[in-house]
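Here are my notes for you, point by point. Keep the viewer open while you read, and look up each spot as we get to it.

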Amino acid sequence: MDAMQTGDTELIRAINRFHVLDTIRRFEPISRAEVGERTQLSRTTVSAIITTLLDEGVIYYDEGETSGATKSMAGRGRPRVLLRMNPNAAYVVGAKLSMHQVSITVTNLRADPLACLVLPVRTWRLGAELIADLLEDGIRAAVTKAGITMAQIAGVGVGLPGFIDSVAGISHWSPILAAEPAPVPLARMLSDRLGVSAVIENDANLVTLAERWFGHGQGVDNFVVVTVEAGIGMGLFINGDLYRGHHGMGTEFGHSKIDRHGPLCRCGQHGCVEAFCADYAILREARKIVDLPPTDDEPSIEAAVCEVTRLAREGNEGLRAVFDAAGEILGLGIANLVNVIDPGKVIISGAGMRAADLLEPSVRAAVATNSLKVLAGRCEIVFHDWTDEVWARGAASLVLQGLYRLPWSRNARIEMAI
Ligand SMILES: [Zn+2]
């Protein structure tokens with residue numbers, strides 16, 4: 001029982017630390033009193049955490065600055081000193097692996113990008129060892145480009161599509177590593193090569209973290225991100241934390257079933273959401289209407305989908321109907337999520353948002369029709385595009401989330417405290 005209580009205390013301390021640091025990051029420059037108001041933590045708790053953060057050099061007093069709000073709050077003629085984060089107290093690297101590209105971003109503690117590197121590589125041809133070598137070389141090059149050294153890097157976060165056990169650092173299955181006969185311990189392979197702690201995560205979870213830190217998920221404790229592109233992904237924030245599922249592989253919204261007699265999905269089953277709405281599904285239906293060149297890899301699929309999008313936008317009624325139908329199924333699936341989860345927001349993102357204008361009306365209509373009436377008007381639906389570089393910043397956030405929670409002295413060996 002004692003051990004458990006100790007564990008609980010440490011967890012609460014970590015969560016409080018995270019909230020204080022996150023509040024300073026988001027609202028700086030900010031006074032101690034405002035940190036207390038925004039976090040709803042006691043004066044003693046805030047004071048203890050701020051003292052530690054000041055000692056560690058993670059935050060500092062900006063004595064020359066007072067905000068308008070603070071002046072009026074003080075109101076006694078004595079300006080309060082305000083707190084700021086020291087963005088260069090730590091650096092991290094975020095990387096995103098996709099089928100035809102590797103993007104790497106070096107950021108500081110505030111996730112400001114310092115250097116980016118994009119490598120056009122057909123990653124799925126390489127195999128695990130070469131992928132790890134490529135990431136090692138790319139990360140070292142990006143760190144040099146940022147003007148810092150590997151010794152200053154506190155951690156590396158890597159996102160990739162597939163069934164990823166982030167806690168164990170293992171890719172159970174990824175289209176990029178599909179030729180591997182066994183699960184790939186990619187996090188350890190990278191840590192060994194770089195001498196720095198590495199974490200891996202499903203790419204939809206990364207965009208969810210990016211929304212949480214920089215986008216529409218800021219200040220929302222329960223929200224869903226649906227990513228539409230080669231497949232349909234999902235990330236879920238529940239009670240202020242990323243939800244991964246019992247085995248670390250949950251929230252496969254793309255493979256929730258809409259119609260058991262529906263089209264064949266890439267997973268081998270029938271009628272999944274993605275078999276109606278992902279890029280390949282749009283192309284399958286579009287081919288019934290227009291002639292398209294063969295599409296055998298991701299760049300050619302991307303080019304064909306862009307062409308279909310252009311034709312629909314220019315008024316091809318048949319193709320507009322394809323997007324309408326895809327949007328209707330996507331909206332139906334999202335209504336199911338709304339009814340099950342009751343999120344504050346659903347953020348629809350990913351490369352598929354290149355056709356957001358074509359999908360949006362039918363998505364919104366289907367969400368409105370199929371959500372419980374009590375929820376339909378309350379859940380905000382946001383369409384939001386992200387670039388690969390922002391996904392890489394999400395990968396950086398994966399490491400930052402761990403960093404924010406741990407006392408700096410322990411950061412030499414980051415364990416994910418989530
Ligand atoms: Zn499926």
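1. Leaving aside its neighbours within four places in sequence, which residues is Ala-275 in contact with? Contact here means heavy atoms within 4.5 Å. The partners of Ala-275 are Pro-263, Leu-264, Cys-265, Tyr-280, Ala-281 and Arg-284. Ala-275 sits in helix H8, residues 274-277. Helices (H or I, at least four residues) and strands (E, at least two) are DSSP runs, numbered from the N terminus. Ala-275 is buried, because its relative accessibility is 0%; buried means under 20% relative accessible area, exposed over 50%, and partly exposed in between, with a 1.4 Å probe and protein chains only. Gly-262 is 13 residues away from Ala-275 in sequence, and their C-alpha atoms are 8.0 Å apart.

2. A word on what you are looking at. This is a predicted model, in which local features need pLDDT of at least 70 and side-chain atom pairs count only at pLDDT 80 or more, while totals for chains, interfaces and linings use all residues. Residues are numbered from 1 along each chain as its sequence is written, and side-chain values use heavy atoms, with hydrogens and water left out.

3. Now the whole chain. It has 14 helices and 14 strands. Of its 418 residues, 52% are buried. Take the contacts with a separation of 6 or more: 63% of them are between residues 24 or more positions apart.

4. Next, have a look at the metal. Which residues coordinate the zinc ion? They are His-255 through ND1, and Cys-265, Cys-267 and Cys-272 through SG, at 2.1 to 2.3 Å. Donors are N, O and S atoms within 2.8 Å of the metal (3.2 Å for Na, K and Ca); water is not among the atoms, so sites may look incomplete. Along the sequence, the spacing of the donor residues reads H-x9-C-x1-C-x4-C.

5. What about the geometry of the site? The angles among the four donor atoms run from 104 to 123 degrees, and the site is tetrahedral. For four donors, that label requires all angles to lie between 85 and 135 degrees. For comparison, ideal angles for four tetrahedral donors are 109.5 degrees.

6. Is Cys-265 buried or exposed? Cys-265 is buried, because its relative accessibility is 4%. Cys-267 has 37% relative accessibility, so it counts as partly exposed. Cys-265 is also one of the contacts of Ala-275 from point 1.

7. On to helix packing. Helix H2 (residues 32-39) packs against helix H3 (residues 43-56) at an angle of about 125 degrees, with the axes 10 Å apart. Axes are lines fitted to C-alpha atoms, for helices over the stretch in contact, and angles run from 0 to 180 degrees between N-to-C directions. H2 and H3 are therefore oblique to each other: angles under 35 degrees count as roughly parallel, over 145 as roughly antiparallel, 65 to 115 as roughly perpendicular and the rest as oblique. On the H2 side, Arg-32, Val-35, Gly-36 and Thr-39 take part, and they meet residues of H3 including Ile-50 and Leu-54.

8. A second pair is H11 (residues 317-341) and H12 (residues 356-370), whose axes come within 7 Å and cross at roughly 35 degrees. Among the residues that meet there are Phe-323 and Gly-327 in H11, and Ser-362 and Ala-366 in H12. Leaving aside neighbours within four places in sequence, Ser-362 is in contact with Phe-323, Asp-324, Gly-327 and Glu-328.

9. Last, some backbone details. Glu-28 and Pro-29 are joined by a cis peptide bond, with omega about -5 degrees, and Pro-29 is in the loop between H1 (2-27) and H2. Ala-111, in the loop between strands E4 (101-108) and E5 (113-119), has a positive phi near 65 degrees although it is not glycine. Asn-239 has a positive phi too, near 50 degrees. Ala-111 is buried at 0% relative accessible area, whereas Asn-239 is exposed at 64%.

How values were computed: Tetrahedral: all angles 85-135°; square planar, octahedral: opposite > 155°, others 65-115°.
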